[in-house]
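Hi there,

Here is the structure I promised to pass on. Have a look at it first, and my notes on what turned up follow just below.

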Amino acid sequence: MKTVFELSSPGRMGVSLPELDVPAASEIPAELSRESGGETGLPEATEGQILRHYLNLSTMNHHVDKGMYPLGSCTMKYNPKLHEDLARIRGLSGIHPLVPDKLAAGSLELMYRLGEFLCEITGFKGVSLQPAAGAQGEFCGIMLIKSYLESRGEPHRNEVLMPDSAHGTNPATSTLADCVVVGVKSNEYGLVDPEDLMRKAGPNTAVFMLTNPNTLGLFESRIEELTSIVHEAGGLNYMDGANMNALLGIAKPGEMGFDVCHLNLHKTFATPHGGGGPGSGPVACTEELARFVPDPVVIREDDGNYRLCRKQDSFGRLLAFQGNTGVLYKAYAYIRTLGAEGLREVSENALINANYLKAKLRDYFDNPFDNGPCMHEFVLSGDRQAKQGVKTLDIAKRLLDYGFHAPTVYFPLIVHEALMIEPTETESLEDIDAFAEAMISIAGEAIEKPYLVTDAPVNTPVLRLDEVKAVKDLCLVEPVDKGEDP
Amino acid sequence: MSRFVPNRRVHREKMLQDIGVEKFEDLLEPVPEKFRLKEKLQIPEPLSEFELTREFEEFASRNTGAELVCFMGAGSYDHFIPAAVDHILLRSEFYTAYTPYQAEVSQGTLQAIFEYQTMIARLTGMEMANACMYDGASAAAEACLMAMRITRKQRVLVAGSLNPRWLDVIRTYLKRDDFEINEIPFLEDGTLDLEIAAELIEGGTAAVLVQYPNYFGFIEDLQPIAELIHEHKGLFIVAADPVALPLLRSPGDAGADIVVGEGQSLGIPMSYGGPYIGFMAARMKLARRMPGRIIGRTTDRAGQIGYVLTLQTREQHIRRDKATSNICSNQALMALANVAYLSLMGERGFREISSQSYHKSHYLEEKLLEIPGVSRVFEKTPFFREFVISFPVSSIELRDRMIEDGILAGLPIVELGEGAMLITVTEKRTRDEIDRYVMTAAEICGGGAS
């Protein structure tokens with residue numbers, strides 16, 4: 001499609017602005033002014049042209065309102081429409097972040113109560129709502145732990161233990177927090193090997209980072225043993241809460257020996273992904289860690305008023321302001337809509353849907369860790385198909401032709417040709433059956449007409465894109481000389 | 001039974017049967033008995049749609065700050081947002097999509113962000129931009145880390161006139177024993193002390209970061225600083241306000257290597273602090289060292305133009321502990337808000353927004369200076385949209401009294417004096433509102449001075 005710059009014709013306007021109603025001041029000195037010929041290069045088009053452009057672009061997206069989006073570990077569930085409206089109420093959206101606290105009493109109370117809910121759901125005492133996303137939540141969590149270890153006189157502890165199945169953000173966060181990653185092996189059941197953890201945990205262990213259920217969709221059954229090993233070695237336990245959609249009202253990380261966890265509100269709590277963000281990654285933690293939470297935190301005064309404050313021992317600040325507040329509003333709305341039973345209903349059906357889909361696909365794909373029920377997701381291997389010359393990437397692309405988004409592929413790294421599938425609780429039996437049929441049909445094509453799969457996709461706005469070329473002939477912006485009609 | 005879960009008992013029974021278990025609890029077999037919750041969560045009873053709406057309206061009504069005429073800035077600004085922006089954001093196709101990992105069904109998001117990257121690069125005078133960061137402050141912190149990686153030096157110099165919240169974020173991201181952050185002080189006129197900067201910049205300096213305009217609204221002369229840091233083989237990072245850029249010399253033209261900034265002003269409501277968006281632009285030769293997602297143009301098997309996530313080997317899901325950042329989810333929908341806003345504004349509209357903010361802020365400053373006892377905190381210096389004034393009364397008290405008259409007067413900065421206030425005027429403020437500000441302030445100052 002043409003770019004927005006190609007719509008441009010000098011003199012067109014997309015807005016109507018009032019005339020300047022005050023006397024003009026003297027101009028900015030020439031040496032500080034925009035360089036000559038330094039137009040900003042923004043397009044000139046009408047409101048209708050701009051709207052049509054972006055609307056037409058939008059139709060080239062798959063999205064969860066259109067069809068199933070079974071991306072493992074991403075929890076692509078339905079996003080309630082009311083919540084979009086609520087976050088846009090003027091009193092909530094039109095307020096400056098630095099107003100005196102009493103002028104933002106509504107937002108503050110909402111945030112405080114959301115913090116309480118998240119503590120109840122996770123079994124923790126302290127919370128920070130500031131982190132903008134899961135990865136920033138991880139950074140927050142590690143910084144809490146480092147601050148705590150320092151206060152205990154053990155600043156030398158700098159090793160972060162994590163299984164080889166960890167999300168990429170876990171090791172990247174460890175580096176950002178000036179720590180060293182120590183890998184821990186998974187055993188033949190896809191679970192952390194306690195003996196290897198025992199070998200790796202020691203006097204330099206800062207924290208053991210674990211996703212639970214893990215990235216294979218399996219609950220770490222020996223969790224108590226794992227967290228005890230780390231505690232006994234003097235380290236702390238961090239839960240990556242990306243998979244919390246499996247545990248609402250079913251189990252609490254705080255009771256399993258974890259000291260801190262982050263939550264992805266844009267996964268578990270139905271706030272939209274927005275094509276990649278904004279998310280929100282609040283961190284819940286034990287009382288011992290709570291005194292280090294980033295600035296600011298919402299507190300409740302004895303007189304019942306809410307206030308933003310900086311804790312004396314706070315490790316610092318992650319964003320200019322209090323967090324992705326607009327996302328917090330939506331997560332609060334979700335919890336209030338569901339209540340305790342509704343939250344448990346979410347996780348129960350996330351588990352049922354995943355196990356049902358796994359059973360449906362069992363005969364058609366390799367399932368390397370099928371030793372019992374999975375939680376909210378499961379990981380297949382496309383090994384069998386790969387041997388026929390059809391790779392997992394091809395299967396993923398072929399699914400697009402069938403009108404589904406692809407699962408997460410090639411992750412976790414410990415599974416060959418991995419296909420990580422998470423249907424979520426908001427998909428109906430009928431939709432899951434349809435997805436299973438598509439997968440089974442593709443498994444058949446891989447044998448009978450493999451070219452249909454390797455040539456896929458063909459029913460999409462563009463065909464398979466050349467990623468190698470994108471890197472080799474780097475084009476990251478529209479060239480200036482293009483798209484400017486005389 | 002929520003309105004979001006389609007499985008009813010009949011479905012559950014069929015599905016459990018097909019799974020091969022008798023009851024749901026059988027699926028919890030991997031969860032040790034002792035960790036299975038026996039009691040319901042302590043969460044209030046569910047609310048219906050209209051009950052929840054009422055609760056939110058009640059919350060909103062207690063946010064009385066939203067009713068005030070806003071002259072507060074300091075990193076979050078009350079600019080006009082064309083209605084069409086939100087209509088674009090509310091397309092399910094955009095907001096209910098995930099990160100564009102499957103490019104063939106994500107061309108909408110990918111092309112929109114490619115256009116966003118283009119606009120950010122053009123505004124800042126740079127050669128490329130990434131797909132966005134969390135906010136301006138965290139983008140500034142990531143830019144410092146990026147400069148340290150590229151130069152393999154461990155010392156960063158930051159202008160003392162940087163937004164203190166941003167400095168706090170930079171200090172948090174750079175909290176390591178082997179990293180050093182020093183501040184360059186500012187002069188009586190509120191701009192950077194170039195003499196001291198020249199002394200502080202040395203061979204071990206990875207980067208200098210300057211805010212443009214600075215926290216007090218002053219327009220720094222960037223080029224001398226660029227020359228100083230380049231002499232010592234360090235990088236020049238500019239934290240630029242995008243709204244100022246149609247009028248000001250572009251950071252790229254003045255010698256910046258990396259430009260970051262906050263995009264909230266471009267079509268995003270203040271929303272009590274977020275979600276906002278950080279942008280990051282750079283010289284092309286630095287692209288491969290950048291954090292965050294980057295969209296690139298390519299072709300498909302039939303030779304049609306298309307867009308993909310590119311240079312992914314920088315990122316956490318591939319490079320893991322060697323990645324350029326841990327960022328994964330960003331603020332993509334806010335990038336869409338930016339690109340929709342900038343498209344609607346266009347070349348002339350955006351310049352008009354910039355220009356009106358400039359002129360209106362000068363009008364207010366001039367009028368306030370006519371009030372007896374009101375003075376500048378700094379010497380007269382070119383400023384944009386924001387300025388610091390010293391009132392003859394406590395600025396906190398003045399703010400509180402003006403709130404009673406429906407005006408959010410600004411942000412008191414007591415570090416600069418008891419009466420010091422950072423005041424912002426965007427294009428949205430009318431002459432009437434500005435005159436009312438002056439009248440109210442004059443009354444309070446008159447009373448306070450007598």
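Let me start with one residue: B:N182 counts as partly exposed because it has 13 C-beta neighbours inside 10 Å (buried means 20 or more other C-beta atoms within 10 Å of a residue's own, exposed means 12 or fewer, and partly exposed is in between, with C-beta atoms placed from the backbone). Please keep in mind that this is a predicted model, in which local features need pLDDT of at least 70 and side-chain atom pairs count only at pLDDT 80 or more, while totals for chains, interfaces and linings use all residues. Residues are numbered from 1 along each chain as its sequence is written, and chains are lettered from A and ligands numbered from 1 in the order in which they are written.

B:N182 sits in strand β4 (residues 180-184) of chain B; helices (H or I, at least four residues) and strands (E, at least two) are DSSP runs, numbered from the N terminus. Setting aside neighbours within four places in sequence, B:N182 is in contact with B:R155, B:L157 and B:L200, where contact means that the C-beta atoms, placed from the backbone, lie within 7 Å.

Chain B as a whole has 13 helices and 15 strands, and 62% of its 450 residues count as buried.

Now for where the chains meet. The contact takes 169 residues from chain A and 165 residues from chain B. On the chain A side, helix α11 (residues 325-361) gives the most, with 22 residues. That side divides into 90 nonpolar, 50 polar and 29 charged residues (Ala, Val, Leu, Ile, Met, Phe, Trp, Tyr, Cys and Pro count as nonpolar, Asp, Glu, Lys and Arg as charged, and the others, Gly among them, as polar).

Which helix of chain A is largely enclosed by the rest of the structure? That is helix α6 (residues 169-176), because 8 of its 8 residues are buried. What covers the buried residues of α6(A) includes α5 (134-151) and β2 (159-163) of chain A, together with α10 (316-319) of chain B. After α6(A) comes A:D178, whose phi is positive, near 60°.

Last, the domains of chain A: the assignment gives domain 1 (83-336) and domain 2 (346-470), with bounds from an automatic or database domain assignment. Their C-alpha centres lie 30 Å apart, and 18 residues of domain 1 are in contact with 16 residues of domain 2.

Methods
Contact = placed C-beta atoms within 7 Å.
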